[in-house]
Amino acid sequence: MKLTLKIWRQKNAKNKGKIVEYPIDGISPDMSFLEMLDVLNQKLITEGEEPVAFDHDCREGICGSCSLYINGEAHGPDRRVTTCQLHMRKFKDGDTIFIEPFRANAFPVIKDLIVDRSAFDRIQHAGGFISVNTSGNTQDGNAIPISKHAADEAMDAATCIGCGACVASCKNSSAMLFVGAKVSQYALLPQGQVEATDRVQNMVAQMDLEGFGNCTNTGACEVECPKGISLENIARMNRELIKANLKG
Amino acid sequence: MALDSKIPKGPLADKWTSHKNSIDLVNPANKRNIDVIVVGTGLAGGSAAATLAELGYNVKAFCFQDSPRRAHSIAAQGGINAAKNYQGDGDSTYRLFYDTVKGGDYRSREANVYRLAEVSTNIIDQCVAQGVPFARDYGGLLDNRSFGGVLVSRTFYAKGQTGQQLLLGAYSAMNRQIGRGKIKMYNRHEMLDVVVVDGKARGIITRNLVTGEIERHSGHAVVLGSGGYGNVFYLSTNAMGSNVTAAWKAHKRGAYFANPCYTQIHPTCIPVSGDHQSKLTLMSESLRNDGRIWVPKKLEDAKAIQNKTLKPTAIAEEDRDYFLERRYPAFGNLVPRDVASRAAKERCDAGFGVNATGEAVFLDFASAIIRYGKEQAHVKGLDENNDDLVQSLGKEIVKSKYGNLFQMYEKIVDENPYETPMMIYPAVHYTMGGVWVDYNLQTTVPGLYAIGEANFSDHGANRLGASALMQGLADGYFVLPYTIGNYLSNDIRTGPISTETKEFEEAEKNVRQQIDQFINNKGSKPVDYFHKRLGKIMWNKCGMARNEKDLKEAIEEISALRKEFYKEVLVPGDADEFNEELAKAGRVADFLELGELFAKDALVREESAGGHFREEYQTADGEAQRRKEFQFVSAWEYKGEPKDAQLHKEELVYENIEVKERSYK
């Protein structure tokens, strides 16, 4: 395959960036999108240019490192995949592909296509946990039966990989799908009830502090989420928040 | 230096309890004055960092990813073992211990493995308390599945994402401590050296991967939870960034490196599709619960499949060779990984491979779909003889069990595994070898600890499925936080460790020198060029089957490649900026040394055991042949070039288990 890549290049957080065009040839449809970028980078390095910086690690869709806004969509045109699982067979020979970083005020660019998503970590520090110390005498794992339905639903929420596609896809740069998923996981389980009030209040407060926008129910996040996290989680988070605020 | 494993005296089942009771404690007020460095935030590092902080120590945690949640433990799929015996199928601490020692081909340390089995049940309780959403049955109780090499169901799981959920559990425990200020987290930092002061590990040198800044960090102890070194093969199921650098730098500072040649080649991975390939993808071992592995019986059928002139579904049942079921009737498709991998290689080498490269076998769910379909039809009172109905009901069940894995396969290979069998081939997955540690998980450098995959101690020559998660969390939650107290109790009067000493200066200078050397080298070939070549040597000559001639050649070739690397490597950009190529150069430099030691270790070990298969040592029917005189751990001391490394032996003593030929027939 022969392609024209239009890639966002930005030296660092302080410099201004711009789109640079790179023609590329000899791409196999069996390559993953990141392997296509590997090919480009090897070429750039041997030609004495700097390679394009992008985040990546596990390359099997679970670590949440890879990002990329490809032709105007987080993780590209395929559904339920991360960029590392996107294969070139989803494109046509001769295509022009725009590759940009995830854009949001709360995700500043570090270099080229890499953004700083540490805001997500800080939201988790605020309450994304159950306060239980490690000890050898926690009660038995089967002491509290949890209905299969609740466990499965909690698992569906917990499957979030923290990639930030929801934020990048949202016109308000809202992180509510991400926060809603974590709040939901604990809200659905008996273990999470004790701290439910503080958790949702603290996490939402930190989310606002980081500069993420609000949800206006356009649903783009759900469509682009590589793990299919449902909008219901946002609704559940809002219910939890109202409940918590009423309690005071 | 003689190796002292420090195994406590007394009966096996009492060792850990009596050892815990004799450990010196540090009073809570003193813990506030003690700093512990933890490198790596996977299951081992993350759980250790959280637990040490809960105890009151000041923890500094480091990871090269942009968040601790992205450590590669996240990719573990199938499950975690624990001797809960919830299924009432005869499981016990002893049985988990026995299975693990046997599975490791009698090359692991009895006392460590027993302790691992003992604390396994605590792990499940702890994770449930943290809110890990394990799979449950309709009664609301925890569900189990089976894994290879055992005859009980003791594997707990969260869909095909168990590693993710356990890591997020450890990450949440870390977050609580980061929020309280007890853990100071350094993301996007790479450890580039250990600093040893007066014979004790007292700090590390790191590089900030965003700014390029070289930093000094001090602590009273250093814990390595930096994972395994499978990427020495270039292609593996490890993450792109997984590397040996932290462990290797520790080795160069005096920590012995144990059993480097013990590598796990996992049988069920997606086959290599071409030269562009950057990594390999695992298909969880849990698939072998229901998938049947086969190749055609007739060579002409295999050829036709390779040329794509025949479809696998067109091959009649009697013309299929279910070679694992044929060779190992007792365990069938659930034999341990090393056995399954070698059996697949044997068939492919004989010409029966089923893809264009001849390096793949089928993993077929057709009979499971029919079995589940009929069962469902029966439960629902529908017609069990209606094939279409049975197919669709069966596929629903298979989807509910393995849906995310099937989807992953389809995205990569572009074939629908519900309709045609998957193709799989073995790939490098895990390294049993690692930094040598004693019973306290301390290396041969006082104050330097290694946990999880980074150490060597629990899996012998082969790891059983769902045991890596168990070991990582056991070390981090339940072992290290106790054993490290013994060492730190001597440090209550030490006070803060200064970074303004000649040892820190020297270590920092070394790190800067290497970085400058790479940046100024201006060679002609990128780092990947050398990494790929190293990987080819490793796979072809130190892979699933090894022999003396190949290993000797590998040693020469790796040594020559290393020289070429330093002469010809091209690293673009500068040192004081985000520069992935620079980070990669440092990692590959270490792989090029480790690779040679790996081959040397494999050459010296003149026997076959677990993942280490020497062609010269096999039984008449092609099984691994252990030799009594090799019942020891090879611990290598750094002496400059890898070829000069000095071997120390730790004899393995089996008092509670009879060492016999490992049979899965």
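Mentor: A residue is buried if 20 or more other C-beta atoms lie within 10 Å of its own, exposed if 12 or fewer, and partly exposed in between, with C-beta atoms placed from the backbone. This is a predicted model, in which local features need pLDDT of at least 70 and side-chain atom pairs count only at pLDDT 80 or more, while totals for chains, interfaces and linings use all residues. Residues are numbered from 1 along each chain as its sequence is written, and chains are lettered from A and ligands numbered from 1 in the order in which they are written.

Trainee: Is B:K6 buried or partly exposed, then?

Mentor: B:K6 counts as partly exposed because it has 14 C-beta neighbours inside 10 Å. B:K6 lies in the segment before α1 (15–22) of chain B; helices (H or I, at least four residues) and strands (E, at least two) are DSSP runs, numbered from the N terminus. B:K6 has a positive phi of about 55°, although it is not a glycine.

Trainee: Is B:N259 buried or exposed?

Mentor: B:N259 is buried, since 31 other C-beta atoms lie within 10 Å.

Trainee: Zooming out, how many helices and strands does chain B have?

Mentor: Chain B has 17 helices and 19 strands. Its C-alpha atoms fill a box of roughly 80 × 60 × 50 Å along the principal axes. Of the 665 residues of chain B, 60% count as buried.

Trainee: What does the radius of gyration say about chain B?

Mentor: For 665 residues, a compact globule would have a radius of gyration near 26 Å, and the 25 Å of chain B agrees with that. The radius is taken over C-alpha atoms, and the globule rule is 2.2 Å times the number of residues to the power 0.38.

Trainee: Which residues have the most contacts inside the largest nonpolar core?

Mentor: They are B:V223, B:L224, B:V361 and B:V435, in a core of 286 residues. Such a core is a set of buried Ala, Val, Leu, Ile, Met, Phe, Trp, Tyr and Cys residues joined through C-beta atoms within 7 Å. Leaving aside neighbours within four places in sequence, B:L224 is in contact (C-beta atoms, placed from the backbone, within 7 Å) with residues including B:V39, B:A250 and B:V435.

Trainee: Next topic: at what angle do α15 and α16 of chain B pack?

Mentor: Helix α15 (residues 527–541) and helix α16 (residues 548–568) of chain B pack at about 175°, with their axes 10 Å apart. α15(B) and α16(B) are therefore roughly antiparallel, a label for angles over 145 degrees. Axes are lines fitted to C-alpha atoms, for helices over the stretch in contact, and angles run from 0 to 180 degrees between N-to-C directions.

Trainee: And how many residues of chain B are in contact with chain A?

Mentor: 65 residues of chain B are in contact with 64 residues of chain A. On the side of chain B that touches chain A, α6(B) gives the most, with nine residues.

Methods: Two residues are in contact if their C-beta atoms, placed from the backbone, lie within 7 Å. Angles under 35 degrees count as roughly parallel, over 145 as roughly antiparallel, 65 to 115 as roughly perpendicular and the rest as oblique.
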